[in-house]
Amino acid sequence: MDRPNIVFIMSDDHASHAISAYGSRINSTPQIDRLAEEGARFDNCFCTNAICTPSRASILTGTYNHENGVRTLFDELDGRQQTFPQLLQASGYQTALIGKWHLGHGGHADPTGFDYWNVLPGQGDYFDPVMIENGVERKYEGYVTDLITDMSRDWLQARDADRPFLLGLHHKAPHRWWLPHPRHADLYDDDRVEPETLYDDYETRSQAARQAHMRVDRHMRRRDVKADPPEGLSTAERRRWFYQRYIKDYLRCIAAVDESVGRVLDYLDEHGLTQNTIVVYTSDQGFFLGDHGWYDKRFMYEESLRMPLLVRYPALVEAGSVSSSFVLNTDFAPTFAELAGVVPPEPMSGRSVVPLLQGEPPADWRRTAYYRYWEHMSDPHYVPAHYGIRTDRYKLVYYYGEGLGLNGVADQATEPEWELFDLAADPHELRNVYDQPGYREVTRELTTELARVQKEIGDVGHH
Ligand code: CA
């Protein structure tokens, strides 16, 4: 059989609870849902660091951030490292990357492994964006999500039909500042359902959670919500007002992403490419959609930790299948390599999920997911550095009190603190039970497991 084509669609900050295939209560994504209906949905895909640049580096290299050196937003990926696009390109794939890159530019930080690339500088703009096409900057007229889709279809049309391809279609949306296309301006005029934890009071929880500057009502700016709140609102009313203003624009941006996915799937259908093309939809990490009263990500809490992952490949994947095995963002690169028939010369920490796609999880598949956020009080969100593990039932988090600040300079120390959540009894992570009666034995076991995992993957020390 011919080697499969790969269309790798990645959006930015698209939480799985804003995808109807994942049970969203606030929007509908019929095009993205096609991938779940015709392929596999992964319910436990986690990032190892919930922030753009480091997660993207792990996705490309198949390694943790302590291995690939991209620990914070301020680190650039050294493109001389092994990445899956390079491996596929060297094995005869034609490769393209269109849209968001966000791994630095210049020197060794330009995209590598792509025959063609056209990327946004940094975050890029929603309207009339500047993009860098194989090193040449140009301004494009139009809406960024539509432009990236048009360019991707054009590239598919112009490709060499005799060779397999890898197309990275990486949307900027729905990243802050959430500017929807005017055609979606009237979507969601009625109020959206509020998350269960919108009015979280952080009782029993860490100072980290209490002090984070990501509350919708306190820390969002006018630029986020594009209006001033009415006078005289109570605290709860104010939170509600900010949540509604924010979530509607966020979801309107996703509406364009959903249309984009539909246009790509239609292209594959119309050109007889559906059977032999793997289509992946994911996002670099999750996002707080008013959960815990927050926007943004960074924390190891579920909404930010979890990535959507949908994979359609009719030759291998049973339609409508669902996997609850733990998948990490380090697993993407080895998976793409195996699907393309390439053996990576350098080892990767991640593991190919091909057996999971076939519905045959290996007996020794991981049961613990490791996470580490390295930035420490270094940006306007004031989230302290932390690491931790998630198992099927529990999550243990250690805010270790120091870390990397702006441009890698250590910032103010904080008091170290722990959080432990029993996800079976407390799925919304509202009650910290670290070392509490009834949880002392579990606390000890998980602390030991955390140390074991850190040793196994070689991430030791606090810096
Ligand atoms: Ca992101």
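These legends describe several close-up views of one predicted model. Local features need pLDDT of at least 70 and side-chain atom pairs count only at pLDDT 80 or more, while totals for chains, interfaces and linings use all residues. Residues are numbered from 1 along each chain as its sequence is written, and side-chain values use heavy atoms, with hydrogens and water left out.

View 1. Helices (H or I, at least four residues) and strands (E, at least two) are DSSP runs, numbered from the N terminus. Along the principal axes, the C-alpha atoms fill a box of roughly 65 × 55 × 45 Å. Of the 463 residues, 61% are buried, where buried means under 20% relative accessible area, exposed over 50%, and partly exposed in between (1.4 Å probe, protein chains only).

**View 2. An open sheet is built from 10 strands.** The strand order is β7-β6-β5-β4-β8-β1-β9-β11-β2-β12, with mixed pairing. Two strands pair if DSSP finds at least two bridges between them. At the edges are β7 (136-139) and β12 (321-323), each of which pairs on one side only. Neighbouring strands of the sheet are turned by 15° against each other on average, direction ignored. Axes are lines fitted to C-alpha atoms, for helices over the stretch in contact, and angles run from 0 to 180 degrees between N-to-C directions. Strand β6 (residues 130-133) is joined to β7 by 4 bridges, and these two strands run antiparallel. M131 stands opposite R138 in β7.

**View 3. Helices α1 and α9 pack on the sheet.** Contact means heavy atoms within 4.5 Å. Helix α1 (residues 30-38) touches β2 (40-42), β9 (277-283) and β11 (309-312), and its direction makes about 65° with that of β11. Helix α9 (residues 235-270) touches β1 (5-11), β8 (165-170), β9 and β11; the direction of α9 makes about 175° with that of β9.

**View 4. Strand β15 (residues 386-390) is largely enclosed by the rest of the structure, because 5 of its 5 residues are buried.** In a regular strand the side chains alternate between the two faces of the sheet. H386, G388 and R390 point one way from β15, and Y387 and I389 the other way. Strand β14 (residues 369-373) is joined to β15 by 5 bridges, and the two run antiparallel. Y370 has I389 as its bridge partner in β15.

**View 5. Strands β15 and β16 form a hairpin with 3 residues between them.** The two strands run antiparallel and are joined by 5 bridges, with β16 covering residues 394-399. I389 has L396 as its bridge partner in β16.
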